[in-house]
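Here is a short report on aromatic pairing and helix packing. Look through the sequence and the model before reading on.

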Amino acid sequence: MKPTRQTRSGYRRPLVAVAAAGLLSAIAAVYVIGSPGGNTSAGKSCQASMAAASAAKPFAKGDVAAFLPAQKPLDLRDLKFKGPNGEDVSIAQFTGKTVLLNLWATWCAPCRKEMPALDRLAQARNGDDFAVVTVNLDRGGPEKPKAFLDEIGVASLTYYSDASNAVFQDLRSKARATGLPTTILAGPDGCEIGTMYGPAEWDHEDALQLIDAARAKAPGKTAG
């Protein structure tokens, strides 16, 4: 009887091992395919932002623990929306600056909650090498979002908008936007450094350390 048992055991163990290996491979495949960093990168043109993403990674904690440093940064320069006077604006126009791009809407409660922090960040950091760019996605015109911004006393954010939601759909097609708020940190080269899904206290220490770590890698720029 022993040879029979050993034979059965001998066959069962490889089969179990093969099945387990197959399951692990399938799980790994799901994570690779679903990873926000798994999309086509812009290659050499985004190398500086890739270095900034690596520098920012250790600081994705606390208030910004959900920040995902880009594994393969997207070139965001062609993203377009409207400026305060209805003019066309693109991320390319911010080349040379690290940009915190935030997509929001008045019907999004977490967006409303984080807006004062974004305004304070803009007041403290906006300048020659940094810009907070908040893009409103309300479809009903600018009256309601502008009234909300006035109500909470926003003073340092320029009003950008995209009533067509094209910028959101573009990012969604590249696995960079699943809901609101979505915030992308982009380097002076116009490429993604990382993406944050959900709200954050952007003027708190955790966020400032992450932003400054990324900015320190910007060519010819210093954080502060």
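## Burial of tyrosine 160

Is tyrosine 160 buried or exposed, and what is its relative accessible area? Tyrosine 160 is buried. Its relative accessible area is 11%, and burial means under 20%. The model is a predicted one.

Two phenylalanines belong in this picture. Phenylalanine 81 is buried, as is tyrosine 160. Phenylalanine 94 is buried too, with a relative accessible area of 12%.

## Aromatic pairs

The structure holds three aromatic pairs. In one, the rings of phenylalanine 81 and tyrosine 160 have centres 5.5 Å apart. Their planes stand at 80°, so this pair is edge-to-face. Phenylalanine 81 sits in strand 2 (residues 80-82), and tyrosine 160 in strand 6 (residues 160-161). The pair therefore ties together parts that are 79 residues apart in sequence.

Tyrosine 160 also forms an aromatic pair with phenylalanine 94. The centres are 6.3 Å apart, and the planes make an angle of 75°. This pair is edge-to-face. Phenylalanine 94 lies in the loop between strand 3 (88-90) and strand 4 (98-104). Phe81, Phe94 and Tyr160 form one aromatic cluster.

## Helix 2 against helix 6

Where do two helices pack? Helix 2 (residues 47-56) packs with helix 6 (residues 205-215) at an angle of about 145°. Their axes are 7 Å apart. The crossing of helix 2 with helix 6 is right-handed.

Which residues of helix 2 and helix 6 make the contact? Helix 2 supplies Ala52, Ala55 and Ala56. Helix 6 supplies Leu210, Ala213 and Ala214. By class, the contact has six nonpolar residues, no polar and no charged.

## The buried face of helix 2

Ser49, Ala52, Ala53, Ala55 and Ala56 are buried in helix 2. Viewed down the axis of helix 2, these buried residues fall within an arc of 160°, so they line one face of the helix.

What do the buried residues of helix 2 pack against? Their partners are strand 1 (67-69), strand 8 (192-197) and helix 6. Ala52, Ala55 and Ala56 are buried in helix 2, and these three alanines also take part in the contact with helix 6.

Conventions: Residues numbered from 1 in each chain as written. Predicted model: local features only at pLDDT ≥ 70, side-chain atom pairs only at ≥ 80, totals over all residues. Heavy atoms only, no water. Phe/Tyr/Trp six-rings, centres within 6.5 Å; stacked < 30°, edge-to-face > 60°. Helix = DSSP H or I, 4+ residues; strand = E, 2+ residues; numbered from the N terminus. Buried < 20%, exposed > 50% of the residue type's maximum accessible area, 1.4 Å probe, protein only. Axes fitted to C-alpha atoms, helices over the stretch in contact; angles between N-to-C directions. Left-handed = near helix turned anticlockwise from the far one by under 90°. Contact = heavy atoms within 4.5 Å. Nonpolar A, V, L, I, M, F, W, Y, C, P; charged D, E, K, R; others polar. Arc of directions from axis to C-beta.
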